[in-house]
Amino acid sequence: MELPLRVVLREDGSADPELDPGLDDEALRILFRKMALLRALDEKGLNLQRAGRIGFYIGATGQEAAEIGSGFALEEGDWVFPSYRDQGVALLQGYPLSELIGQLFGNSSDVTKGRQMPNHWCDRAARVVSVSSPVATQLPQAVGTAYAAKLRGEKIAVIGYFGDGGSSTGEFHAAMNFAGVFRTPNVFFCSNNRYAISLPVARQTAAASIAAKAAAYGIPGVRVDGNDVLAVFRVTRDALERARAGEGPTLIEALTYRIGSHSTSDDATRYRPAEEVEAWRGKDPIKRFAAHLKQRGLLDDPEEKAVFEEAREEVRRTVAVCEAAPPVPPESLVEDVYAEMPWHLEEQREWTRMPEKR
Amino acid sequence: MSQKTYRDALREALREEMIRDERVLILGEEVGVWGGTYAITRSMFTEFGSKRILDTPIAEAAIVGTAVGAAMGGLRPVAELMTINFSLVAMDQIVNNAAKIHYMFGGQIRVPLVIRTPAGWGQLAATHSQTFEAWFAHLPGLIVAMPGTPYDAKGMLKSAIRSDNPVMFIEHARLYGIKGEVPDGEYTLPLGVSDVKRPGRDITIVAYSRMLHVALGAAEALAKDGIECEVIDLRTLRPLDMAPVYASVKKTHRALVLEEDWTTCGMGAEIAARISHDRFDDLDGPVERMGQVEVPMPYARNLEALMFPDERQVTEKVREMLS
Ligand SMILES: Cc1ncc(C[n+]2csc(CCOP(=O)(O)OP(=O)(O)O)c2C)c(N)n1
């Protein structure tokens with residue numbers, strides 16, 4: 001069963017009036033600025049790792065439309081259960097840039113106290129839960145939080161992000177099935193960037209699409225052009241509204257492409273043809289949206305340059321502040337293991353305070 | 001003899017066994033075209049092809065489950081789990097199936113399966129830095145190997161593949177690059193045999209995997225002050241060969257166990273209990289153990305550095321035990 005691909009932004013830069021979500025000028029400008037900020041953050045993250053200033057980084061270059069388009073559709077109160085490539089969504093949830101960058105350094109500028117690898121962001125206030133490294137673990141959890149909201153009568157939605165590779169896990173299938181059975185207010189958002197580390201999606205599933213799998217769980221599946229920020233926004237907003245209205249979960253598959261390596265631990269040039277990457281560079285989601293804004297008279301070349309420059313400057317400034325922060329205090333090693341500090345860890349805390357014993 | 005890395009030693013074992021026995025196949029994430037996350041299977045895909053080296057979708061339960069089924073169906077699968085942390089997703093297949101099928105079938109069906117997977121750490125934080133060897137060593141029906149040197153890695157992996165039992169073969173990401181003597185010709189090493197890695201008379205240090213090297217480093221440092229440690233490498237954690245440990249304690253009267261795992265309910269507890277029960281009269285003091293601080297692994301380098309006993313702490317502990 002072939003699901004139609006939802007597209008708003010056409011080749012010539014115009015928007016299909018039928019699917020155009022009708023965002024106002026200010027909203028369109030914000031979308032563009034956030035896409036530029038995400039690009040700037042990723043560039044910096046990769047450079048910091050290369051320079052040995054942070055230990056690891058995972059970029060979303062090429063996937064900005066999927067990230068920012070879906071994140072922009074979220075409303076106050078919605079929860080995000082992200083994967084490790086969803087820094088763009090976190091930014092839109094009100095997760096401060098300084099916290100995102102602080103997390104990369106794992107020093108005292110990190111609100112999570114240097115506990116997790118870079119890209120494992122979480123912020124209670126922004127309703128972004130911690131990324132779990134084992135892929136797709138977050139999806140059944142997203143179902144549980146959605147069920148809690150339903151039971152408490154809260155009109156919110158819970159969105160869970162994952163990759164094409166994540167769709168192979170047992171957790172993915174069980175989560176879809178639970179969500180279908182319990183009719184939870186969930187949106188499952190798959191960024192199909194065509195690769196799971198080195199493995200192309202054709203080796204991950206024999207199905208025609210990931211969205212098609214929704215049918216097996218009795219929930220709607222939607223395929224969207226993941227490099228089209230307006231189309232992604234539109235389908236995600238519709239799915240979130242369905243969820244909040246009590247009409248049940250939706251699976252969205254955004255078709256995009258991972259321009260960079262999986263993370264700073266691999267080298268994609270060793271397993272992907274250069275022509276393929278070049279072809280996708282030509283479909284840059286930010287350039288595509290810029291062309292649309294220009295057509296609408298909302299952007300010109302100098303302004304476009306200025307937006308990127310501002311984004312880079314904001315990232316640069318924030319990096320300078322975060323990097324200068326002192327290391328996390330040694331005694332924090334034993335804190336937060338339990339809700340209260342048990343006696344055996346209290347003893348360990350004494351030990352962490354005695355440099356000569358360590 | 002020539003110097004080879006632990007990584008190359010493992011690859012040699014896999015290659016030799018695949019050539020020797022066409023029933024051997026490898027399956028796991030990224031093991032084929034990419035050559036494995038830690039490059040253990042590098043260039044084997046070109047040599048053996050996609051029928052015997054399977055790049056699987058991401059689903060550890062299905063990787064182990066498929067391997068269990070393939071073993072029951074007459075093959076000798078070697079399943080690679082990208083890291084031991086992801087074995088958690090496959091736990092039911094390992095614990096309730098791989099380890100028990102032979103027993104539950106009244107001995108009618110064997111599961112000649114190897115699960116290869118690295119433990120390890122290095123700013124990988126809470127969910128990516130575990131070892132879990134005690135969990136696996138807890139299970140009747142499973143053999144648990146955890147070699148610490150290139151020589152042992154090769155010989156033991158070959159035996160694991162030839163074994164008619166399911167073997168959990170735990171490697172260590174931080175050992176892949178170390179070099180050691182590995183003979184060029186064919187050899188195997190038995191599973192379930194501990195090994196004296198350094199003779200000594202003053203104290204027995206029991207270790208395995210990466211902590212073996214911490215023990216040897218500490219022993220070297222202490223030797224300069226005339227303290228002779230006997231270092232025993234368990235190599236296999238189930239079945240556990242205590243004979244060399246007992247022989248050693250008879251000489252030294254003191255034992256220290258090093259592990260990288262949390263000590264609560266760990267291998268050190270098992271070793272200490274066995275020595276204390278079986279060789280109580282040989283001991284001049286309690287068996288001591290050192291392991292990981294009992295918190296999840298943090299990311300920050302300054303905190304991570306506090307997590308494991310290092311050579312200096314081990315030497316201090318030994319001096320304290322001898323004073
Ligand atoms: C359970 C589990 N198995 C293996 C891994 C190792 N791993 C990390 S990311 C990844 C690929 C995931 O690909 P995909 O879901 O497509 O997301 P993408 O990285 O493309 O965004 C793998 C196999 C893991 N984190 N968790």
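Guide: Domain bounds here come from an automatic or database domain assignment. The model is predicted: local features need pLDDT of at least 70 and side-chain atom pairs count only at pLDDT 80 or more, while totals for chains, interfaces and linings use all residues. Residues are numbered from 1 along each chain as its sequence is written, and chains are lettered from A and ligands numbered from 1 in the order in which they are written.

Visitor: Which domains does the assignment give for chain A?

Guide: Chain A is assigned domain 1 (5-327) and domain 2 (329-358). The C-alpha centres of these two domains of chain A lie 37 Å apart.

Visitor: And which domains for chain B?

Guide: For chain B the assignment gives domain 1 (2-182) and domain 2 (195-322). Taken over C-alpha atoms, the centres of domain 1 and domain 2 of chain B are separated by 26 Å.

Visitor: How many residues of domain 1 of chain B are in contact with domain 2 of chain B?

Guide: In chain B, 22 residues of domain 1 are in contact with 21 residues of domain 2. Two residues are in contact if their C-beta atoms, placed from the backbone, lie within 7 Å. On the domain 1 side, α6 (133-137), β6 (143-145) and α7 of chain B are the elements that give two or more residues. Helices (H or I, at least four residues) and strands (E, at least two) are DSSP runs, numbered from the N terminus. That side of domain 1 of chain B divides into 14 nonpolar, 5 polar and 3 charged residues. Ala, Val, Leu, Ile, Met, Phe, Trp, Tyr, Cys and Pro count as nonpolar, Asp, Glu, Lys and Arg as charged, and the others, Gly among them, as polar.

Visitor: Turning to the ligand, which residues are closest?

Guide: The ligand is surrounded by 22 residues, and the closest are A:P134, A:G163, A:G165, A:G166 and A:A196. A residue is near a molecule or strand if its C-beta atom, placed from the backbone, lies within 6 Å of it. The elements that give two or more residues to this shell are β3 (158-163) and β5 (195-196) of chain A. The shell holds 10 nonpolar, 7 polar and 5 charged residues.

Visitor: Why is the site shared between chains?

Guide: The site is shared because residues from chains A and B surround the ligand.

Visitor: Next, helix packing. At what angle do α1 and α2 of chain A pack?

Guide: Helix α1 (residues 25-50) and helix α2 (residues 64-72) of chain A pack at about 130 degrees, with their axes 10 Å apart. Axes are lines fitted to C-alpha atoms, for helices over the stretch in contact, and angles run from 0 to 180 degrees between N-to-C directions. Therefore α1(A) is oblique to α2(A). Angles under 35 degrees count as roughly parallel, over 145 as roughly antiparallel, 65 to 115 as roughly perpendicular and the rest as oblique.

Visitor: Which residues make that contact?

Guide: From α1(A) they are A:L31, A:K34, A:M35, A:L38 and A:R39, and from α2(A) they are A:E64, A:E67, A:I68 and A:F72. By class, this contact of α1(A) with α2(A) has 5 nonpolar, no polar and 4 charged residues.

Visitor: What about α1 and α7 of chain B: where do their axes cross?

Guide: The axes of helix α1 (residues 6-20) and helix α7 (residues 150-162) of chain B come within 8 Å and cross at roughly 25 degrees. That makes α1(B) roughly parallel to α7(B). The residues of this contact of α1(B) with α7(B) divide into 8 nonpolar, no polar and 5 charged.

Visitor: Finally, the backbone: which peptide bond is cis?

Guide: The bond from B:R238 to B:P239 is cis, with omega near -5 degrees. B:P239 lies in the loop between β12 (236-238) and α9 (243-252) of chain B.

Visitor: Which residue has a positive phi although it is not a glycine?

Guide: A:D336 has a positive phi of about 70 degrees. A:D336 lies in the loop between α10 and α11 (343-352) of chain A. Most residues other than glycine have a negative phi, and most peptide bonds are trans.
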